[in-house]
Amino acid sequence: MSSKEKEQENSAVRNLLGTVAYIAGVCIVVFLILHFVGQRTVVNGHSMDPTLADGENLIMDKLSYRFHDPKRYDIVIFPGVEEYGQRPYYIKRVIGLPGETVQIKDGKVYINGKQLKSDVYGITDYIDYPGIVEEPLTLSDDEYFCLGDNRPVSRDSRYEEVGPVTRKEFVGKVWIRIWPLKLFGRVS
């Protein structure tokens, strides 16, 4: 084998190794991003209609809450109540913040005794079922009160089996809708 042929063979091997290293690097970066930064999830049910519909695909941000606290009206994901041997994840909107007193009376949400007028996300103007917040409920320093936008069908913090959600239970914050493509974009 001539030196020119050996040089071409070595070049081909280097190119192949470089390509393999590049692909391995991309796979590692994608794994790290999906494991620590973001994750795809699918909406299951109608509790967040009309904001999020059944079957829509989302990317959740798993990193934000490591640097700042959840804010009112953030859409969060947390593990739900175990049913039929499975523990589904809930997608809900943060309504009550730590230390606040939440109550639903006369079909309206009250925070610290004042009606929450900026809550424009609910599908109805009247909440039929106040649940555990029929009487005022003061959240602890690490609890959040979450409701679905479609309150007539949402199983959320009003229900005793769900109740207030602690910050450590939040898996992430909904960031982007990726499917259907015609609705691709940031979710708020």
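Four strands make up an open sheet, ordered β7-β6-β5-β8, with antiparallel pairing. β7 and β8 are the edge strands; each has a single partner strand, so one side of each has no neighbour in the sheet. The model is predicted. The protein has one helix and 12 strands, and its radius of gyration of 23 Å is well over the 16 Å from the globule rule for 188 residues, so the protein is more spread out than a compact globule.

- Strands of a sheet pair through backbone hydrogen bonds, in a parallel or an antiparallel sense.
- Strand β5 covers residues 101–105 and pairs with β8 through two bridges, in the antiparallel sense.
- Val 102 has Leu 137 in β8 as its bridge partner.
- Ile 104 belongs to strand β5.
- Is Ile 104 buried or exposed? Its relative accessibility is 3%, under the 20% cut-off, so Ile 104 counts as buried.
- Beyond residues up to four places away in sequence, Ile 104 touches Val 109, Ile 127, Pro 130, Val 133, Glu 134 and Arg 158.
- The C-alpha atoms of Ile 104 and Phe 184 are separated by 34 Å, and the two residues are 80 residues apart along the chain.

**Strand β4 and its partners**

- Strand β4 spans residues 89–96, and seven of its eight residues are buried, so the strand is largely enclosed by the rest of the structure.
- Strand β3, residues 75–79, pairs with β4 over five bridges in the antiparallel sense.
- Pro 79 has Tyr 89 in β4 as its bridge partner.
- β4 is also joined to β9, by three bridges, and these two strands run antiparallel.
- Opposite Gly 96 stands Phe 145 in β9.

**Aromatic rings and charges**

- How many aromatic pairs does the structure hold? There are six.
- A pair of aromatic rings is described by the distance of the centres and the angle of the planes.
- Tyr 129 and Tyr 159 form a tilted pair, at 4.9 Å centre to centre with 35° between the planes.
- This pair links distant parts of the chain, 30 residues apart. Tyr 129 lies in the loop between β7 (114–115) and β8 (137–138), and Tyr 159 in the loop between β9 (143–147) and β10 (165–166).
- Tyr 129 is partly exposed, at 39% relative accessible area. Tyr 159 is partly exposed too, at 23%.
- Which residues do ring pairs link into a cluster? The members are Tyr 65, Phe 78, Tyr 90, Tyr 144 and Phe 170.
- The ring of Tyr 90 also has the charged end of Lys 92 over it, 5.3 Å from the ring centre.
- The charged end of Lys 105 sits over the ring of Tyr 110, at 4.8 Å from the centre.

**The chain end at Ser 188**

- Ser 188 lies in the segment after β12 (185–186).
- Its relative accessibility is 62%, over the 50% cut-off, so Ser 188 counts as exposed.
- Which residues does Ser 188 contact, leaving aside its neighbours within four places in sequence? They are Thr 51, Ile 75, Arg 93 and Tyr 121.
- Ser 188 and Gly 25 are 163 residues apart along the chain, and their C-alpha atoms are separated by 33 Å.

**Overall architecture**

- Along the sequence, the pattern of elements is α-β-β-β-β-β-β-β-β-β-β-β-β.
- Along the principal axes, the C-alpha atoms fill a box of roughly 90 × 35 × 35 Å.
- Buried residues account for 40% of the 188 residues.
- Of the contacts with a separation of 6 or more, 61% come from residues 24 or more positions apart.
- The protein exposes about 11500 Å², and carbon and sulfur atoms supply 55% of that area.

Terms used. Residues are numbered from 1 along each chain as its sequence is written. This is a predicted model: local features need pLDDT of at least 70, side-chain atom pairs count only at pLDDT 80 or more; totals for chains, interfaces and linings use all residues. Side-chain values use heavy atoms; hydrogens and water are left out. Rings of Phe, Tyr and Trp (its six-membered ring) pair if their centres lie within 6.5 Å; planes under 30 degrees apart count as stacked, over 60 as edge-to-face and the rest as tilted. Buried means under 20% relative accessible area, exposed over 50%, partly exposed in between (1.4 Å probe, protein chains only). A charge sits over a ring if NZ of Lys or CZ of Arg is within 6 Å of the ring centre and within 35 degrees of the ring normal. The radius of gyration is taken over C-alpha atoms; the globule rule is 2.2 Å times the number of residues to the power 0.38. Contact means heavy atoms within 4.5 Å. Accessible areas come from the Shrake-Rupley method with a 1.4 Å probe; for residues, only the protein chains shown count as cover. Two strands pair if DSSP finds at least two bridges between them.
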